[in-house]
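Please read them with the structure open beside you.

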Amino acid sequence: MKAANKPIHAVTTWVRRQPPKVKAFLGVVTAMTALVLLRMIVHDHDNFFVAAEAVHALGISVLIYKLTKEKTCAGLSLKTQELTALFLAVRLYCSFVMEFDIHTLLDSATLVTTLWVIYMIRFKLKASYMEDKDNFPIYYVVIPCAVLSVLFHPSTRHHIINKVSWAFCVYLEAVSVLPQLRVMQNTKIVEPFTAHYVFALGIARFLSCAHWVLQVWDTRGRLLTALGYGFWPIMVLLSEVVQTFILADFCYYYVKSLMGGQLVLRLPSGVV
């Protein structure tokens with residue numbers, strides 16, 4: 001086992017020593033390589049969206065297990081759960097008034113479980129909630145997302161309130177994990193179930209991003225024009241990319257810790 005880990009350790013050590021620009025370049029190359037491989041392996045790229053929903057549901061299942069069996073919410077961000085509930089509620093409203101499909105049912109189930117998690121943290125397990133570590137101001141993300149949604153929203157024929165609401169939930173979803181990352185940054189040590197949950201979010205968002213990028217690739221950009229005109233199509237794609245890269249650094253250390261046989265994830269300074 002140690003011999004097998006030596007090449008991995010050598011590679012991770014080399015990557016860690018590189019300057020930020022080189023790390024960014026390596027990250028982009030790795031992401032593009034993964035997209036090319038996924039495009040070759042998976043022919044129906046709509047499956048990526050379904051897979052993203054499934055992985056997200058798996059992450060929530062880990063949260064439910066942690067809260068019910070471990071009887072603690074230590075390391076979890078209540079603010080991230082509240083932001084998640086907010087964008088899911090707005091997205092459900094948009095689904096009902098704009099287009100009702102299977103994703104509406106999936107979002108409904110996710111919203112119910114998220115509200116249950118919020119209830120558990122606020123009331124049942126309040127004693128273990130690390131309120132002093134969960135100190136990311138929510139208005140830092142809500143207000144910019146609201147402003148962006150007014151400036152850049154779909155150019156469809158729907159009512160302006162519905163178009164702005166749709167844009168708001170897209171932008172808010174991209175940054176809703178930031179309070180959770182702040183909690184992990186403050187604690188430096190991430191226990192297994194929280195790490196599994198955040199990693200599941202990272203994988204889900206990568207699959208969702210892969211779905212959009214490959215759809216644009218396959219249609220040679222026609223999908224962007226189908227979404228509307230102006231800046232909105234670019235903002236949708238940018239939001240998908242942003243929410244993937246926000247969690248990329250954490251996912252790297254998660255995999256490294258897992259391959260090293262460590263159950264508790266210890267984050268270096270400045271990771272998240």
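**Notes on aromatic pairs, helix packing and annotated spans**

1. Across the whole structure, a search finds 6 aromatic pairs. Keep in mind that this is a predicted model.

2. Start with F199 and Y254. Their ring centres are 4.1 Å apart and their planes meet at 15°, so this pair is stacked; the cut-off for stacking is an angle under 30 degrees.

3. Are F250 and Y254 buried or exposed? F250 has a relative accessibility of 0%, so it counts as buried. Y254 has 10%, and therefore counts as buried too. The cut-off for buried is under 20%.

4. A further group to look at is one aromatic cluster formed by F136, Y139 and Y140.

5. Turn next to helix packing. Two packed helices are described by the angle between their axes and the distance between the axes. For helix α4 (residues 78–98) and helix α7 (residues 160–175), the angle is about 145° and the axes are 9 Å apart. The crossing of these two helices is left-handed.

6. Which residues of α4 and α7 meet? On the α4 side they are L83, L86, F87, V90, R91, Y93, C94, V97 and M98. On the α7 side they are I161, N162, S165, W166, F168, C169, L172 and E173. Sorted by class, the contact between α4 and α7 holds 13 nonpolar, 2 polar and 2 charged residues.

7. Finally, the annotation. An unreviewed UniProt entry gives the feature "transmembrane region" at residues 24–42, 48–68, 104–123, 135–152, 193–214 and 234–255. Two of these spans can be set against the model. Residues 104–123 are 100% helix and 0% strand, with 28 Å between the end C-alpha atoms. Residues 135–152 are 72% helix and 0% strand, and their end C-alpha atoms lie 29 Å apart.

How values were computed
Residues are numbered from 1 along each chain as its sequence is written. This is a predicted model: local features need pLDDT of at least 70, side-chain atom pairs count only at pLDDT 80 or more; totals for chains, interfaces and linings use all residues. Side-chain values use heavy atoms; hydrogens and water are left out. Axes are lines fitted to C-alpha atoms, for helices over the stretch in contact, and angles run from 0 to 180 degrees between N-to-C directions. Helices (H or I, at least four residues) and strands (E, at least two) are DSSP runs, numbered from the N terminus. A crossing is left-handed if the near helix is turned anticlockwise from the far one by less than a right angle, and right-handed if clockwise. Contact means heavy atoms within 4.5 Å. Ala, Val, Leu, Ile, Met, Phe, Trp, Tyr, Cys and Pro count as nonpolar, Asp, Glu, Lys and Arg as charged, and the others, Gly among them, as polar. Rings of Phe, Tyr and Trp (its six-membered ring) pair if their centres lie within 6.5 Å; planes under 30 degrees apart count as stacked, over 60 as edge-to-face and the rest as tilted. Buried means under 20% relative accessible area, exposed over 50%, partly exposed in between (1.4 Å probe, protein chains only). UniProt positions are given in the numbering used here, feature names are shortened, and annotations may be inferred rather than shown by experiment.
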